[in-house]
Amino acid sequence: ALLFACLFFLCLGSKAQEQPTRWTLRACLDYALEHNIQVKKSKVSHLSGIEDTKQAKAQLFPSLSASVTQGFVNYPSSYSGNYALNAKWTLFDGGQRVQAIKQQEIQNTVDELGIEQNEDDIQISLIQTYMQVLYAMESVRINQNTVEVSTAQRDRAVELLRAGSISKVDLAQLESQLSTDKYQLVVAQTNLDNYKLQLKQLLELDITEEIELVMPELTEKDILTPLPSKQTIYNTSLAVMPQIKSSELAVDIAELEKKKAKGAFLPSLSMNAGLGTGHLSGTDYAFGSQIWNSFNESVGLTISIPIFSNRQYKTAYNKAKYAITTSQLELLNAQKQLLQTVEGIYLDATSSQTQYTSATERLSYVKESYNLIDEQFSLGMKNTLELLTEKNNYLTAQQEQLQAKYMALMSVQLLNVYQKKPVAENY
């Protein structure tokens, strides 16, 4: 009992150590792949499919069954017993069992690809949500700085009002702007909390657990990562993405179903063998003698020739041919959807990188202009409206650069997933 308790608490301790104290994108991905429910379910489904394969292979071998029958006859009152051992072996069935085995083995591969696809799905969702959290964190920081600046400007305006440099209307405008900035900070914090909640749900974390994200130190090189051509990324995705491989294997499964349906038109041959004996009470023969004298052996071959099956086999064969066409169309559809997805992400990546470059340049000019207007306002050379207008322009420029930055980072990482490239380690 003591050993069991030690092992139990050791397991608890190891589980607790699995959860990182600070969450990077790489840590989130590793944790989710280990704990995500859908990934676990797909792994169980794969194990179940392996059992189906073992069962399909076992159909090639003989089956053996034993039976014991005890009965009572009312007149004349007597007890009877029959004992039998029977074996059956299907020698030929038109190759249906062989095709079923091949189908199930391919299905096992499809199930493995299903695990991989679920892992890709959770990675995509995590990358999107993680980047939204980072964006929200920086947005909160920008709004906090804005509130600090607005507070300082309001306090300075109070001094200017006392000195008679500005009117009460100017002070009221600055106080109104401060209230607006505080409200925007609350909105930004709420958005951050919502994105963190989404991230926790993706990680299957308990509602009481808190997560601390690591703000990565990113350079323009990370944001403006050179990309291969769109066609190169698409060709790579076609070769590595599990949904395409699954669709290709679905065509193979449909082809085997057609062969299996064709085999149903052929005769089947099976062999039966058995051992049996019995006894009956109320006779002059002893139990052992009856068992021995009633002992019998049997063996036989059965040929079953399909002549008319109410079109059952013909319909199954035709539907198998249609299933091949359907699976081929589904493969084309999967390829088309992949192309649309890759094309959309690629467009987001390139346009966001371009927007980031433009937004960064604009931000530098707007910041310089705002600083000049702020100095001139302090000297009484600019009015409150001009100051607030330039301040809002500065805040908008910051948000535009921030949005382009994280859209570019997210798109680049999503393209990495579709090329089976690892996530950057500095995230």
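Reader: How does Tyr 313 count by relative accessibility?

Author: Residues sort into buried (under 20% relative accessible area), exposed (over 50%) and partly exposed in between, with a 1.4 Å probe and protein chains only. Tyr 313 has 27% relative accessibility and counts as partly exposed. Phe 265, at 38%, is also partly exposed. This is a predicted model, in which local features need pLDDT of at least 70 and side-chain atom pairs count only at pLDDT 80 or more, while totals for chains, interfaces and linings use all residues. Residues are numbered from 1 along each chain as its sequence is written, and side-chain values use heavy atoms, with hydrogens and water left out.

Reader: How many aromatic pairs does a search of the whole structure find?

Author: Rings of Phe, Tyr and Trp (its six-membered ring) pair if their centres lie within 6.5 Å; planes under 30 degrees apart are stacked, over 60 edge-to-face, and the rest tilted. The search finds six such pairs. In one of them, Phe 72 and Tyr 79, the ring centres are 5.2 Å apart and the planes stand at 50 degrees, so the pair is tilted. Tyr 79 is exposed, at 53% relative accessibility. Phe 265 and Tyr 313 have centres 6.3 Å apart and planes at 70 degrees, so this pair is edge-to-face. Helices (H or I, at least four residues) and strands (E, at least two) are DSSP runs numbered from the N terminus. Phe 265 lies in the loop between helix H8 (242-263) and E3, and Tyr 313 in helix H10, so their pair ties together parts 48 residues apart in sequence. With Tyr 317, Phe 265 and Tyr 313 form one aromatic cluster.

Reader: In what order do the four strands of the open sheet stand?

Author: Two strands pair if DSSP finds at least two bridges between them. Here the order is E1-E2-E3-E4, with antiparallel pairing. Strands E1 (63-73) and E4 (296-304) are at the edges with a single partner strand each, so one side of each has no neighbour in the sheet. From one strand to the next, the twist averages 20 degrees. Strand E3 (residues 268-280) is joined to E4 by nine bridges; Leu 269 has Ile 303 in E4 as its bridge partner.

Reader: Which residues have the most contacts inside the largest nonpolar core?

Author: In soluble globular proteins, nonpolar side chains tend to be buried together. A nonpolar core is a set of buried Ala, Val, Leu, Ile, Met, Phe, Trp, Tyr and Cys residues joined through side-chain atoms within 4.5 Å. The largest here has 55 residues, and those with the most contacts inside it are Trp 23, Leu 126, Ile 127, Met 131, Leu 199, Leu 203 and Leu 213. Elements giving two or more residues to this core include helix H4 (96-162) and helix H11 (384-418). H4 gives the most, with 12 residues. Apart from this core lies another, of 14 residues, including Ile 166 and Tyr 394.

Reader: Where do Glu 212 and Arg 22, which form a pair, lie in the chain?

Author: A salt bridge is a side-chain nitrogen of Lys or Arg within 4 Å of a carboxyl oxygen of Asp or Glu. Glu 212 and Arg 22 meet in one, at 3.8 Å from N to O. Glu 212 is in the loop between H5 and helix H6 (220-223), and Arg 22 in the loop between helix H1 (2-18) and H2, 190 residues apart. Asp 93 and Arg 97 form another salt bridge, with the closest N and O atoms 3.1 Å apart, and both residues are buried.

Methods. Axes are lines fitted to C-alpha atoms, for helices over the stretch in contact, and angles run from 0 to 180 degrees between N-to-C directions.
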